[in-house]
Amino acid sequence: METIKKRGIKKTVRNRTIKSYEAFTKSCSAKLFIKNRLENNSEHWNALLLSLRELTEWVIRKDTELSTLGVGPVRGDAASLQKQLHYMCCWFWLFFQ
């Protein structure tokens, strides 16, 4: 009778050990998946940040070029922007026709 009890206990311990190992393996897989995903996201964000920096540098260069030409920054509401556009079109037409 005692050997049957011991076998039952051994079987229960074995089953619980197997389940614990399976749960551990599953959590390790999930951890690796999350780690890889975070690394990939990090690479994408770094690429996006690099593009943003390049775009900012380009805007600064173009703003500098425009300011050296004597053209002020384009700012204002719709009416003032329309006026600036008309002024620029007339200016270009006068000098390049």
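Accessible areas here come from the Shrake-Rupley method with a 1.4 Å probe, and for residues only the protein chains shown count as cover. By that method, the protein chain has an accessible surface of about 9600 Å², with 64% of this belonging to carbon and sulfur atoms.

Do keep in mind that this is a predicted model, where local features need pLDDT of at least 70, side-chain atom pairs count only at pLDDT 80 or more, and totals for chains, interfaces and linings use all residues. Residues are numbered from 1 along each chain as its sequence is written, and side-chain values use heavy atoms, leaving out hydrogens and water.

The protein chain holds two helices and zero strands (DSSP runs numbered from the N terminus: H or I of at least four residues for helices, E of at least two for strands). Of its 97 residues, 2% are buried (under 20% relative accessible area; exposed is over 50%, partly exposed in between, with a 1.4 Å probe and protein chains only).

The whole structure has one salt bridge (a side-chain nitrogen of Lys or Arg within 4 Å of a carboxyl oxygen of Asp or Glu). Glu-65 pairs with Lys-62, their closest N and O atoms lying 3.4 Å apart. The two are separated by about one helical turn because they sit three residues apart in helix H1.

| Residue | Relative accessible area |
|---|---|
| Glu-65 | 41%, partly exposed |
| Lys-62 | 32%, partly exposed |
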